[in-house]
Structure formats: structure tokens, C-alpha cells
Amino acid sequence: MEQTFFIIKPDAIKRGLVGQILSRVERRGFVIRDLNMMTATEDLVAKHYEHLTDKPFFPLLVDYMTSGPVIAGILEGPEVVKSWRDMMGATNPVNALPGTIRGDFATAPIDGIVANVVHGSDSIEAAHREIALWLGK
Ligand code: DAT
Ligand code: MG
């Protein structure tokens with residue numbers, strides 16, 4: 001069965017949104033296979049977002065992702081990679097439609113920080129890479 005890697009980001013933990021986010025996963029019918037609370041190091045975030053290291057916003061992204069604990073885990077189900085991306089909504093919450101997680105729980109960026117509540121792998125290959133990187137599996 002297909003798997004994806006997901007993160008509930010530091011802003012969502014601080015704001016007490018974990019239950020509401022996991023409840024959407026369960027309501028949709030996906031299985032939570034692995035769930036870990038951890039605080040990411042700068043090195044881990046840099047490897048995770050290696051395609052963005054040259055972007056001007058990269059230091060802000062690292063600060064945000066290391067600003068507190070995250071919940072990182074595996075979701076499993078049919079076509080879960082695409083479905084979870086659709087459930088998350090657009091990267092910039094100002095473009096995320098109501099009904100998506102980012103569209104329901106996040107605002108437009110403040111001071112250039114895209115605090116968009118959740119992460120999901122964008123392909124099956126990325127899911128394999130991220131599960132290995134974060135969870136050692
Ligand atoms: P996604 O998280 O939707 O897969 P991405 O992989 O392109 O989006 O970018 C990873 C994260 O980087 C994203 O969740 C928020 C941040 N980010 C992306 N583009 C940004 C921008 N133009 N300004 C600030 N942060 C940005
Ligand atoms: Mg991405």
C-alpha cells in the first residue's frame with residue numbers, strides 16, 4: 001500500500017491543532033503508521049529541503065522548522081501521496097482553498113514566513129527519501 005511522509009509543523013503544535021489535523025486523516029480513511037514528536041535540527045531541515053537551500057527565504061524556513069517540536073510520521077492508503085497534498089492545499093496559505101488544512105488553519109505569510117501547518121511528500125520517491133531521512137526506515 002502507498003505511503004507518504006507528513007509533518008505537523010511547529011506552529012500547529014503551538015496552536016493546539018494536532019487533534020484536528022489527525023482527525024481529518026482518520027476521517028478520510030488513511031492509516032497513521034508512525035507518529036514521532038521531535039525537534040528537528042538545522043541539519044535535518046537542510047537535508048529535507050535541499051532543493052530550497054539557495055532560496056532567499058531558506059534561513060527563515062530553517063528558523064521556523066526548528067522553532068519547536070514537530071510531529072513527523074507516515075500515512076498509508078490508496079494514492080495517499082496525491083490525496084494528502086490535496087488535503088493540505090496550496091503552499092502559500094493565501095492561495096489555499098477553504099476546506100484544505102492550510103486554507104482552514106493558516107494565514108498569508110507574515111514577515112516572509114510561510115507558517116503553513118503541515119508538510120507532505122510531493123511524490124512516491126520523495127516519500128521514500130523523507131521516511132528514510134526522518135525515521136530511518
Ligand atoms: P510544499 O510545502 O507545498 O511542498 P515547497 O516544497 O515548494 O512547498 O516549499 C517548502 C516550504 O518552504 C513551504 O512549505 C514553505 C516554504 N516556502 C516555499 N516557498 C516559499 C516562499 N516563496 N517564501 C517563503 N517560504 C516559502
Ligand atoms: Mg515540498
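**Close-up views of a predicted model**

**View 1. V117 is buried, with a relative accessible area of 0%.** The model shown here and in the other views is predicted. V117 belongs to the loop between α6 and β4. Its phi is near 75°, which is a positive value in a residue other than glycine.

**View 2. D111 is another residue of the loop between α6 and β4.** Is D111 buried or exposed? Its relative accessibility is 71%, over the 50% cut-off, so D111 counts as exposed. The backbone of D111 has a positive phi of about 55°, although the residue is not a glycine.

View 3. Which residues of α5 are buried? They are V80, V81, S83, W84, M87 and M88. An α-helix has 3.6 residues a turn, so residues three or four places apart point the same way. Just after α5 comes G89, with a positive phi of about 90°.

**View 4. M88 is found in helix α5.** M88 has 0% relative accessibility, under the 20% cut-off, and therefore counts as buried. Beyond four places in sequence, M88 touches T100, I101, R102 and G103, and also V118, H119 and G120. How far apart in space are the C-alpha atoms of M88 and G120? They are separated by 7.7 Å, and the two residues are 32 residues apart in sequence.

**View 5. T100 lies in the loop between α5 (80–88) and α6 (101–105).** T100 is buried because its relative accessible area of 10% is under the 20% cut-off. Which backbone atoms lie close to the side chain of T100? A polar atom of this side chain lies 2.6 Å from the backbone oxygen of L97. The side chain of T100 also reaches the backbone nitrogen of G103, at 2.9 Å. Apart from neighbours within four places in sequence, T100 is in contact with R24, D86, M87, M88 and G89.

**View 6. Ligand 1 takes up the space of the largest pocket.** The residues around ligand 1 are K9, Y49, H51, L52, F57, L61, R85, T91, R102, G112, V114 and N116. Which side chains bring a polar atom to an oxygen atom of ligand 1? For K9, a polar side-chain atom lies 3.1 Å from such an oxygen. For R85, the distance from a polar side-chain atom to an oxygen atom of the ligand is 2.8 Å. For N116, the corresponding distance is 2.8 Å. Taken alone, ligand 1 exposes 520 Å², and the protein buries 75% of that area.

**View 7. T66 is found in the loop between α4 (58–65) and β3.** Its relative accessible area is 23%, between the cut-offs of 20% and 50%, so T66 is partly exposed. The side chain of T66 reaches the backbone oxygen of V62 at 2.8 Å. Which residues does T66 touch, not counting those up to four places away in sequence? They are T39, A40, T41, E42 and V45. T66 and Y49 are 17 residues apart along the chain, and their C-alpha atoms are separated by 13 Å. Y49 is one of the residues around ligand 1.

**View 8. L135 lies in helix α7.** The relative accessibility of L135 is 17%, under the 20% cut-off, so this residue counts as buried. What does L135 touch, leaving out residues up to four places away in sequence? Its partners are F5, D34, N36, M38, A72, G73, I74 and E130. E26 is 109 residues from L135 in sequence, and the C-alpha atoms of the two are 21 Å apart in space.

Definitions and conventions
Residues are numbered from 1 along each chain as its sequence is written. Chains are lettered from A and ligands numbered from 1 in the order in which they are written. This is a predicted model: local features need pLDDT of at least 70, side-chain atom pairs count only at pLDDT 80 or more; totals for chains, interfaces and linings use all residues. Side-chain values use heavy atoms; hydrogens and water are left out. Helices (H or I, at least four residues) and strands (E, at least two) are DSSP runs, numbered from the N terminus. Buried means under 20% relative accessible area, exposed over 50%, partly exposed in between (1.4 Å probe, protein chains only). A polar contact is a pair of N or O atoms within 3.5 Å; within protein, one must be able to donate a hydrogen and the other to accept it, and residues adjacent in sequence count only if both atoms are side-chain atoms. Contact means heavy atoms within 4.5 Å. A residue is near a molecule or strand if one of its heavy atoms lies within 4 Å of it. Accessible areas come from the Shrake-Rupley method with a 1.4 Å probe; for residues, only the protein chains shown count as cover. On a 1 Å grid over the protein atoms alone, a cavity is a set of points where a 1.4 Å probe fits but cannot get out, and a pocket is an open set with protein on both sides within 12 Å along at least five of seven lines; lining residues have an atom within 4 Å of a point. A molecule sits in a cavity or pocket if more than half of its atoms lie within 2 Å of its grid points.
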